[in-house]
Amino acid sequence: MAESDWDTVTVLRKKGPTAAQAKSKQAILAAQRRGEDVETSKKWAAGQNKQHSITKNTAKLDRETEELHHDRVTLEVGKVIQQGRQSKGLTQKDLATKINEKPQVIADYESGRAIPNNQVLGKIERAIGECPLGLHWVCC
């Protein structure tokens with residue numbers, strides 16, 4: 001053993017404060033009393049569920065009187081699709097399989113609940129042989 005080993009001194013100290021302890025009000029006040037610079041910032045709505053709060057835009061939309069909604073296919077279009085499908089002897093499921101769509105899509109179009117999609121209408125036209133809207137250039 002070398003003599004220098006006896007001369008080294010190891011100092012054991014307490015660990016510093018954890019992040020949560022350093023941010024506590026008591027730690028901030030103690031640091032201010034010692035004259036240290038302390039930087040604090042408050043996060044707006046931190047840790048609160050503000051998902052369903054009413055904002056200015058939400059209130060403005062609630063006061064809006066204009067009724068906003070998507071255009072739907074008309075019942076006439078649904079009847080044309082239904083008649084064309086039945087003339088080919090297809091069920092809604094058969095037609096849906098033929099155009100690679102879900103059967104619910106065909107049901108929605110026939111009942112007038114669907115939002116018009118030109119790609120789907122084009123597929124239906126090719127499958128049943130007639131344009132549901134009567135306008136070939138709209139469907140394709």
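Buried means under 20% relative accessible area, exposed means over 50%, and partly exposed lies in between (1.4 Å probe, protein chains only). Arg72, at 46% relative accessibility, therefore counts as partly exposed. This is a predicted model, in which local features need pLDDT of at least 70, side-chain atom pairs count only at pLDDT 80 or more, and totals for chains, interfaces and linings use all residues. Residues are numbered from 1 along each chain as its sequence is written, and side-chain values use heavy atoms, with hydrogens and water left out.

**The chain overall**

- The protein chain has nine helices and zero strands. Helices (H or I, at least four residues) and strands (E, at least two) are DSSP runs, numbered from the N terminus.
- Along the sequence, the pattern reads α-α-α-α-α-α-α-α-α.
- The protein chain has 140 residues, and 20% of them count as buried.
- Take the contacts between residues at least 6 apart in sequence: 46% of them join residues at least 24 apart. Contact means heavy atoms within 4.5 Å.

**Confidence**

- pLDDT is the predictor's confidence in each residue, from 0 to 100.
- The mean pLDDT of the protein chain is 78, and 69% of its residues reach 70 or more.
- Among the elements, helix H6 has the highest mean pLDDT, at 94. Helix H9 (residues 136–139) has the lowest, at 45.
- Over residues 135–140 the pLDDT is below 50. Beyond near neighbours in sequence, this stretch has 13 contacts in the model.
- Where pLDDT is low, the predicted coordinates should not be read in detail.

**Helix H7 against helix H8**

- H7 and H8 (residues 118–128) pack at an angle of about 90°, with their axes 12 Å apart. Axes are lines fitted to C-alpha atoms, for helices over the stretch in contact, and angles run from 0 to 180 degrees between N-to-C directions.
- H7 is therefore roughly perpendicular to H8. Angles under 35 degrees count as roughly parallel, over 145 as roughly antiparallel, 65 to 115 as roughly perpendicular and the rest as oblique.
- H7 brings Val105, Ile106 and Tyr109 to the contact, and H8 brings Val120, Leu121 and Ile124.
- The residues of this contact are six nonpolar, no polar and no charged. Ala, Val, Leu, Ile, Met, Phe, Trp, Tyr, Cys and Pro count as nonpolar; Asp, Glu, Lys and Arg count as charged; the others, Gly among them, count as polar.

**Helix H5 against helix H7**

- The axes of H5 (residues 75–87) and H7 come within 6 Å and cross at roughly 125°. H5 and H7 are therefore oblique to each other.
- On the H5 side, the contact is made by Leu75, Gly78, Ile81, Gln82 and Arg85. On the H7 side, it is made by Tyr109, Glu110 and Ser111.
- This contact of H5 with H7 divides into three nonpolar, three polar and two charged residues.
- Arg85 lies in helix H5. At 7% relative accessibility, Arg85 counts as buried.
- Leaving aside neighbours within four places in sequence, Arg85 is in contact with Leu90, Thr91, Gln92, Leu95, Glu110 and Ile128.

**The loop between H4 and H5**

- Asp71 sits in the loop between helix H4 (56–63) and H5. Arg72 is placed in the loop between H4 and H5 too.
- Asp71 counts as exposed, at 58% relative accessibility.
- Asp71 and Arg113 are 42 residues apart in sequence, and 9.4 Å apart in space, C-alpha to C-alpha.
- Arg72 and Tyr109 are 37 residues apart in sequence, and 8.8 Å apart in space, C-alpha to C-alpha.
- Beyond neighbours within four places in sequence, Asp71 is in contact with Ala114, Ile115 and Pro116. With such neighbours again left aside, Arg72 is in contact with Gly112, Arg113, Ala114, Ile115 and Pro116.

**The loop between H6 and H7**

- Asn100 is in the loop between helix H6 (92–98) and helix H7 (103–111).
- Asn100 has a positive phi of about 60°, although it is not a glycine.
- At 67% relative accessibility, Asn100 counts as exposed.
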